Amino acid sequence: MVHGNYSEIQSILAERNIQGIDGLLLDLGVSSRQLDTPERGFSFTHDGPLDMRMDREETTTAADLLETLSDKELEDIIKIYGEERHYKKIVRFIRKAQGKGPLSTTASLARILSSAAKQPRPTRIHPSTRTFQALRIAVNRELDHLRTSLTDSLQILNDTARMVVISFHSLEDRIVKRFFQDEAKACICPPKTPICICGKKSRLKIITRRVVTPPAEEVKANPRASSSKLRAAERIYA
Ligand SMILES: C[S@@+](CC[C@H](N)C(=O)[O-])C[C@H]1O[C@@H](n2cnc3c(N)ncnc32)[C@H](O)[C@@H]1O
């Protein structure tokens, strides 16, 4: 067990004099323990401090981001990391509420998001889902750490070692899928190039031709698995 960031996998292994590994499993995102502990501030169904730090040795919380980011920065985070199309309206509502004082609890933010989401027809997902996901990804720089850990892992995977990644939302899965496809590709010279000048070699062989999703009985037993996607690839040294 190591308390560390998986984007530091190379240095963590080097410190333990581990040259290479034969298998890597990345189980991304937030844990049920974190979601179900109100004090961690990840959930909009429990009231708690607006925290959302996965690593509490980090300093910046979600409440800090709401206080320090510009309107544009906050709009971009909610739009891109939350894939939320009402991002401008949501930031307007947040700013209006901050006029009465800083937002410091999950319940206060969830109330604002519900009032911003007033729509004729009830929506399929809770109005807070996307903005909470966006803030969580921003607080923990989840996508940056994911990209770094994927790239750096290639250096420490032994020949035929397997990399298996379980993601929980489309932003993560898109990064993993793209990375596997790029690393599975060999020469990327323009089609008509007579001989390869790029020198690119395939570094991964994709194992999961189709993304693996949980069977119905698993989702029934564990509804939180419903959005999970598993992809696997094998390291090759061509
Ligand atoms: C989906 S949960 C893992 C659940 C665990 N496999 C289990 O079965 O209980 C993901 C965990 O990864 C941690 N995590 C997220 N980003 C991380 C990172 N960049 N480095 C290290 N751990 C991270 C989270 O704090 C969370 O506890």
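Ile195 sits in the loop that links helix H9 (170-184) to strand S3. In this predicted model, Ile195 comes out exposed, since its relative accessible area of 61% is over the 50% cut-off. Pair Ile195 with Asp47 and the sequence separation is 148 residues, while the C-alpha atoms of the two are 62 Å apart. For a sense of scale, the C-alpha atoms of the whole chain fill a box of roughly 65 × 45 × 40 Å along the principal axes.

Stepping back to the chain as a whole, there are 10 helices and 4 strands. Read from the N terminus, the elements go α-β-α-α-α-α-α-α-α-β-α-β-α-β. The chain has 238 residues, and 39% of them count as buried.

Strands of a sheet pair through backbone hydrogen bonds, and they can do so either parallel or antiparallel. Here, 4 strands make up an open sheet with mixed pairing, in the order S1-S2-S4-S3. The edges are taken by S1 (21-27) and S3 (204-206); each has a single partner strand, so one side of each has no neighbour in the sheet. On average, and ignoring direction, neighbouring strands are turned by 20 degrees against each other. Within the sheet, S2 (residues 157-167) and S4 (residues 229-235) run antiparallel and are joined by 6 bridges. Met163, for instance, has Ala233 of S4 as its bridge partner. Helix H8 (residues 142-156) lies across S1, S2, S3 and S4, and runs at about 160 degrees to S2.

Two backbone angles deserve a remark. Most residues other than glycine have a negative phi. Thr160, which is not a glycine, has a positive phi of about 65 degrees. Thr160 belongs to strand S2, and its relative accessibility of 48% makes Thr160 partly exposed, because that value falls between the 20% and 50% cut-offs. The other case is Arg141, with a positive phi near 45 degrees, again in a residue other than glycine. Arg141 is placed in the loop between helix H7 (129-140) and H8. With a relative accessibility of 39%, Arg141 also counts as partly exposed.

That leaves a helix pair. Two packed helices are described by the angle between their axes and the distance between the axes. For H4 (residues 71-80) and H5 (residues 87-98), the angle is about 130 degrees and the axes are 9 Å apart. The crossing of H4 and H5 is right-handed. On the H4 side, the contact is made by Asp71, Leu74, Glu75, Ile78 and Lys79; H5 brings in Tyr87, Lys88, Ile90, Val91, Ile94 and Arg95. By residue class, the contact of H4 with H5 splits into 6 nonpolar and 5 charged residues, with no polar ones.

How values were computed
Residues numbered from 1 in each chain as written. Predicted model: local features only at pLDDT ≥ 70, side-chain atom pairs only at ≥ 80, totals over all residues. Heavy atoms only, no water. Axes fitted to C-alpha atoms, helices over the stretch in contact; angles between N-to-C directions. Helix = DSSP H or I, 4+ residues; strand = E, 2+ residues; numbered from the N terminus. Left-handed = near helix turned anticlockwise from the far one by under 90°. Contact = heavy atoms within 4.5 Å. Nonpolar A, V, L, I, M, F, W, Y, C, P; charged D, E, K, R; others polar. Pairing = 2+ DSSP bridges. Buried < 20%, exposed > 50% of the residue type's maximum accessible area, 1.4 Å probe, protein only.
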